[in-house]
Every structure is written in C-alpha cells, then in structure tokens.
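Hi,

Here is the structure I said I would pass on to you. Have a look at it first, and then read on for what turned up.

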Amino acid sequence: MKKIAIISSQYFWLPEESGPTRFASIAKTFQDAGYDVDVITSSFEHHEKRQRNKELTSPFHIIYLDCTSYKRNVGILREISNIVFVRKIRHFLKTSKRYDAIYCSVPPNNIGAAVGKYCHENQIPFIVDVEDLWPEAMSMIIKNRTVSKIIFHKYQADAEKTYEYANAVTGTSEEYSLRAMKNNKRNIPYRTVYVGNDLERFDKGVKQFSPEIKKNENELWITYAGSLGVSYDIITLIRCAQELSNRYADVIFQILGSGPRYEEFLEISKEKACNVRFWGYVKYEKMAAVLAKSDILINSVVKNSSAGIINKIGDYLAAEKPMINTGSNGEFRNKVKNDGFGLNVEAENTSELMEAIEILIDDEDLRRKMGRSARYIAETQFDRKKTYKNILELTELVMNQ
C-alpha cells in the first residue's frame with residue numbers, strides 16, 4: 001500500500017470543526033484510492049483561534065504537532081507558531097517512516113520550504129497545494145511596495161524555495177497554479193482544482209434544514225456567507241441595505257458567519273437601522289439551507305484583496321442562485337461573465353452594487369436563468385467527488401516518473 005503524508009498546518013479541518021473541509025476531502029480522495037494516509041497538522045485551530053479537540057474521531061491517521069496559540073491572523077505570535085511547526089515537522093519527517101509522496105499546503109511558506117528541502121534530499125515526490133499567495137496578499141497590510149518587499153523578504157525567499165523543490169503543483173485558481181513557474185522558468189505538471197464542495201453533503205443539508213428556515217413568501221433575501229474579517233466588505237452591504245429599506249420593505253440582507261469584525265459590523269447595522277440579520281456562525285448544513293432559501297448571493301470582497309476563487313463560491317453555485325461578485329480577481333470576474341451565473345461590480349462601490357441588486361430584484365426570470373447556470377457549473381466544475389480526482393491523478397503522475 002502506498003503511503004502519503006498530507007501536511008497542512010492551518011488549512012485542515014474535520015467536518016465537525018468550523019473551518020472549510022477541503023483538505024479532509026483531499027485526504028479522503030487518497031484514502032478511497034487505497035492509500036495509507038497520514039494527515040499532519042497543527043494542534044492550534046486557525047479558524048477559531050483555539051487549541052484543537054484531539055478526541056474528535058477521524059477516518060484518517062491525524063498527527064497533531066503541538067504549536068503555540070495566537071489571537072490575530074497577522075502578528076508575531078502567529079509567526080512564532082509557524083516557526084514551532086517548522087521545527088517539529090523537520091524532526092517528525094526525519095524520524096518517521098518514509099513516504100511515497102508528500103502533499104503540502106502553502107502558505108505558510110517557511111513550512112513549504114522546509115518540507116520541500118526534506119523531499120528533495122530524500123527523493124520523495126513533493127506536491128505543493130497553493131492556498132494563497134504570500135507575500136502578494138500582504139499588500140492589504142502594507143501598501144508601500146518598497147517597504148513591503150523589505151519586511152516580507154523572507155516570505156518571498158521561502159516561496160521561491162518551495163516552488164523550486166516542487167515536483168508538481170495544484171492551485172485553487174489558474175493564477176495560484178501558475179505562480180510556481182513564475183520566477184524559476186520551470187515547466188512542472190500542475191492542475192487547477194477549484195476549492196469546490198461536497199455537493200451531496202450540501203444537498204442533504206438543504207433537505208434537512210429547509211423546514212426550519214422560516215421565510216415569508218413576500219420576502220426577498222440577499223445573502224452573504226463567510227468570514228467577517230478584513231478581506232470582506234460588509235460595510236457596503238449595510239449601506240445598500242439602508243438605502244433599499246426605504247424602497248423595498250421586504251428585502252432583507254442575511255449575513256452568515258463570524259470573525260474578528262463581527263461586533264463592529266453588527267453595531268454599524270444597528271446605527272443604520274436597516275434590514276440586516278446577523279446569524280453568526282452557522283453549521284455547514286444549515287448554511288446550505290439558508291443559501292438555497294435566498295434569492296441573491298453576494299461575494300463581497302474589499303478592493304485591495306488578492307482573493308480569487310475562494311471557499312464560498314462552490315456553495316454559492318450549488319444553491320442555484322444568481323451571484324453578485326465584487327471581487328477584483330480577473331480570472332473569477334471572467335468566469336462570472338462567461339459562465340453566466342451572475343454580475344460583476346466594482347468593489348466597495350455602493351451605487352454599482354445597488355444597481356446590480358435592483359436589476360436582479362426586478363427580473364425574476366434573469367434570477368432563474370443565472371441560478372440554473374450556477375448549478376450547472378457547481379455540478380460539472382466544483383463537485384469535489386469529481387474534481388479532486390485530478391489531484392490524485394497529478395500525484396500518481398509524478399510518483400511514476
């Protein structure tokens with residue numbers, strides 16, 4: 001039996017935990033194909049910012065490396081936690097059984113560089129999964145490019161080391177996949193595999209929880225689901241809700257999710273006295289039912305975000321509803337337009353967002369048409385049971401070279 005290690009310090013969550021389950025789905029894909037799977041992750045759960053419950057049952061052999069806690073996504077304590085993980089993963093790999101392949105998520109880039117070096121020295125196929133672009137994403141924190149280059153020089157150096165060691169790359173967008181070849185002129189195999197979702201699990205959630213999601217027949221729901229952090233623009237949604245409340249009494253904005261700015265956004269909505277309901281964190285299956293009961297879904301991203309085709313997109317598409325996208329990522333904007341499942345507007349532009357919302361409010365046939373297109377794309381391009389086989393095939397390709 002072939003043995004594979006899946007290393008993800010901050011992107012692995014079990015279905016019982018509150019974070020996205022992409023890496024659990026990847027692990028299951030390998031397990032279902034007959035692999036002996038080790039999942040190596042941090043004891044600290046990044047999404048909820050707390051130490052994990054190691055007693056949760058899992059179909060995988062999970063190895064928790066004890067790492068220090070932190071409260072903020074950006075800060076010295078997170079850097080320390082990453083450094084601890086690097087030290088422990090080096091020791092673990094040197095003392096563990098040999099793997100036939102190692103599949104590793106980045107960022108953090110220093111982890112990718114350390115694991116890649118080990119694989120290179122031991123001639124083990126090293127597959128890199130690009131979840132985000134560091135230091136490119138840091139432009140949200142420090143906008144001066146010269147200062148950013150100086151501060152994040154180590155991030156850049158570790159990224160290049162990681163991609164230099166990689167035998168293959170997967171990315172959740174074409175931009176992410178091609179990043180590995182950008183500076184080193186290598187031509188290695190890659191696959192672009194959208195984050196996607198487990199469509200069967202989504203549909204079961206809709207069936208299970210729809211009866212308890214109460215919605216009046218005359219109401220129209222405009223819904224955002226996801227993190228309430230610095231990358232996502234909830235303030236513009238609240239402004240639109242305030243303006244629309246004067247014209248459409250039955251239009252209600254639903255905000256699903258939690259995050260560091262939850263209380264701030266809640267207070268702003270109270271001050272504006274508008275039709276916005278904050279649900280807080282909602283378990284996945286219930287969230288699916290809310291999305292399916294909604295009429296319009298919004299991917300609301302701040303202007304300077306580097307976000308591409310992110311976690312929530314697969315669920316939005318599965319809900320069979322039209323999407324308004326404010327993200328600036330060119331790849332996804334082209335997809336929204338060419339696949340016909342929504343409208344693009346400029347990020348943080350209240351008037352453009354208002355116009356797009358009113359177009360969809362007033363045209364029920366357009367909403368249905370876009371919704372059908374969304375579901376088709378969900379079934380053909382975002383269902384993990386189909387698309388994650390590409391990750392398996394890529395891994396076996398480099399293992400057999």
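Which type of contact do the side chains of Glu267 and Lys270 make? They meet in a salt bridge, at 3.8 Å from N to O. Please keep in mind that this is a predicted model. Glu267 and Lys270 are 3 residues apart in helix H9 (residues 262–272), so about one helical turn separates them. With a relative accessible area of 38%, Glu267 is partly exposed, while Lys270 counts as exposed at 53%.

Here is the wider picture. The chain has 16 helices and 15 strands. Its radius of gyration is 21 Å, which agrees with the value near 21 Å for a compact globule of 401 residues. The C-alpha trace spans about 65 × 45 × 40 Å along its principal axes. Buried residues account for 56% of the 401 residues. Of the contacts between residues at least 6 apart in sequence, 70% join residues at least 24 apart. The accessible surface is about 18200 Å², and carbon and sulfur atoms hold 48% of that.

Now back to the charges. There are 57 positive and 53 negative side chains, and the centres of the two sets are 5 Å apart. The salt bridges number 22. Here are some of them:

- Arg247 and Glu358 pair up at 3.0 Å, N to O. They link distant parts of the chain, 111 residues apart: Arg247 sits in the loop between helix H8 (235–245) and strand S11 (251–256), and Glu358 in helix H13. Arg247 is partly exposed at 48% relative accessibility, whereas Glu358 is buried at 18%.
- Glu379 and Arg375 have their closest N and O atoms 2.9 Å apart in a salt bridge. These two are 4 residues apart in helix H14 (residues 364–382), so they too are separated by about one helical turn. Glu379 is partly exposed, with a relative accessible area of 31%, but Arg375 counts as buried at 14%.
- Lys3, Asp36 and Asp38 are linked in a network of salt bridges.

Lys312 is buried yet has no salt bridge. Leaving aside residues up to four places away in sequence, Lys312 touches Tyr224, Ala225, Gly226, Tyr232 and Asn299.

Finally, some notes on the backbone. Most peptide bonds are trans, and most residues other than glycine have a negative phi. Against that background, a cis peptide bond joins Val106 and Pro107, with omega about 0°. Another cis bond, between Pro107 and Pro108, also has omega about 0°. Pro107 lies in the loop between strand S6 (101–106) and helix H3 (109–122), and Pro108 is found in that loop as well.

As for positive phi values, Gln123 has one near 55° although it is not a glycine. Gln123 lies in the loop between H3 and strand S7 (126–130), and it is exposed, with a relative accessible area of 72%. Glu348, not a glycine either, has a phi of about 60°. Glu348 lies in the loop between strand S15 (342–344) and helix H13 (350–362) and counts as partly exposed at 39% relative accessibility.

Best wishes

Methods
Residues numbered from 1 in each chain as written. Predicted model: local features only at pLDDT ≥ 70, side-chain atom pairs only at ≥ 80, totals over all residues. Heavy atoms only, no water. Buried < 20%, exposed > 50% of the residue type's maximum accessible area, 1.4 Å probe, protein only. Lys, Arg positive; Asp, Glu negative; His and termini not counted. Salt bridge = Lys/Arg side-chain N within 4 Å of Asp/Glu carboxyl O. Contact = heavy atoms within 4.5 Å. Rg over C-alpha atoms; globule rule 2.2 N^0.38 Å. Areas by Shrake-Rupley, 256 points an atom, 1.4 Å probe, with all protein chains shown as cover. Charge placed at Lys NZ, Arg CZ, Asp CG, Glu CD.
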